[in-house]
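Dear colleague,

I am handing over the structure below, together with some notes on how its parts are arranged. Please keep it open beside you as you read.

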Amino acid sequence: MTTPAAPRRRLAWPGALMLLAAFALFLSGCTVNPVTGRSQLMLVSESAAISASRQAYVEMLAPAREEGRIDSDPRVKQRVQGITERVVAQAVRYRPETAEWDWEMSVIEDPDTVNAFAMAGGKMAIYTGIIDQLELDDDELAQIIGHEIAHALSAHSAEKMSVALASNLALATYAATGERSGVALTGAALAALVAVQLPNSRQMEAEADQIGIELAARAGYRPEAAARLWGKMAEKAAASQPVFLSTHPAPASRQRDLAALAEQMQPLYEEARRGSVPTHPVR
Ligand SMILES: [Zn+2]
């Protein structure tokens with residue numbers, strides 16, 4: 001398994017100054033999360049995280065895009081997008097202002113990488129390696145997508161960007177890459193790039209599991225698939241560490257907790273199966 005490649009393009013020199021400016025601009029302290037009610041370290045406001053993530057997302061996908069590996073198989077793209085549109089429609093019910101987000105899901109053709117990620121503002125990607133190596137059915141795929149959408153809904157990117165900035169990680173990354181040429185990233189976008197490679201805390205994982213399984217159930221996907229998915233992930237981890245587990249640490253109790261949640265979610269799933277399931281446009 002490979003870890004996600006560090007951004008290959010280089011920062012223009014003024015990036016360092018912009019990064020320092022970012023510290024001053026985005027200081028907003030601790031806030032209470034609108035979805036989870038938990039107090040989060042928020043040096044970066046969610047709106048700043050969203051605009052920074054838009055830039056970081058383009059940057060992160062650029063190498064694969066240049067090689068024609070984004071959405072290269074229309075069949076896979078259609079499958080992933082169809083599920084994402086149903087789950088996003090439920091996310092929008094959860095947090096209505098996210099209807100304004102420019103939701104996007106890219107499929108990265110990379111059979112060796114077992115990974116998926118979400119950035120602020122609903123910018124997401126899934127690697128073909130996670131779909132193929134774990135042989136995901138639609139219900140399991142919906143659990144991954146629901147989990148990633150839940151991270152985005154809960155402003156976990158802004159929280160991790162805050163950690164990156166507070167611990168000077170973004171600056172250190174900048175220093176390590178040295179003199180740069182090409183695309184200039186703002187300091188906040190650099191923090192967003194660092195953040196997507198930082199592990200989520202156990203608290204964030206528990207939040208994303210709980211919200212994700214509910215969104216997927218409401219979108220008509222079987223809740224028991226969540227525990228099955230993490231079982232497959234654990235099996236994979238016995239052979240080689242999937243990248244996904246380095247950013248989404250799996251507590252030992254995860255499958256048991258998800259199985260308990262699945263029972264609670266079953267009525268929501270059954271209700272969704274009885275009616276027609278709405279969709280929300282996703283790029
Ligand atoms: Zn996670």
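Helix α2, which spans residues 46–66, lies across β3, β4 and β5 and runs at about 25° to β5. Please bear in mind throughout that this is a predicted model.

The three strands under discussion form an open sheet, in which the order is β3-β5-β4 and the pairing is mixed. Because β3 (104–108) and β4 (116–119) stand at the edges and have a single partner strand each, one side of each is left without a neighbour in the sheet. From one strand to the next, the twist averages 15°. As for the pairing of β4 with β5, the latter made up of residues 123–127, the two strands run antiparallel and are joined by four bridges; within this pair, A116 is found opposite I126 of β5.

To return to α2, this helix also packs against helix α8 (residues 187–195), at an angle of about 70° and with the two axes 8 Å apart. Since angles of 65 to 115 degrees count as roughly perpendicular, α2 and α8 are described as roughly perpendicular to each other, and their crossing is right-handed. On the α2 side the contact is made by A48, A49, A52, S53, Q55, A56, E59 and M60, while α8 brings A188, A189, A191, A192 and L193 to it. Sorted by class, the residues of this contact between α2 and α8 comprise ten nonpolar, two polar and one charged.

Helix α5 (residues 138–153) packs with helix α9 (residues 202–218) at an angle of about 120°, and their axes are 7 Å apart. The crossing of α5 and α9 is right-handed. Their contact is made, on α5, by A142, Q143, G146, H147, I149, A150, H151 and L153, and, on α9, by M204, E207, A208, D209, I211, G212, I213, L215 and A216. Taken by class, the residues in the contact of α5 with α9 are ten nonpolar, five polar and two charged.

With kind regards

Terms used. Residues are numbered from 1 along each chain as its sequence is written. This is a predicted model: local features need pLDDT of at least 70, side-chain atom pairs count only at pLDDT 80 or more; totals for chains, interfaces and linings use all residues. Two strands pair if DSSP finds at least two bridges between them. Axes are lines fitted to C-alpha atoms, for helices over the stretch in contact, and angles run from 0 to 180 degrees between N-to-C directions. Two residues are in contact if their C-beta atoms, placed from the backbone, lie within 7 Å. Angles under 35 degrees count as roughly parallel, over 145 as roughly antiparallel, 65 to 115 as roughly perpendicular and the rest as oblique. A crossing is left-handed if the near helix is turned anticlockwise from the far one by less than a right angle, and right-handed if clockwise. Ala, Val, Leu, Ile, Met, Phe, Trp, Tyr, Cys and Pro count as nonpolar, Asp, Glu, Lys and Arg as charged, and the others, Gly among them, as polar.
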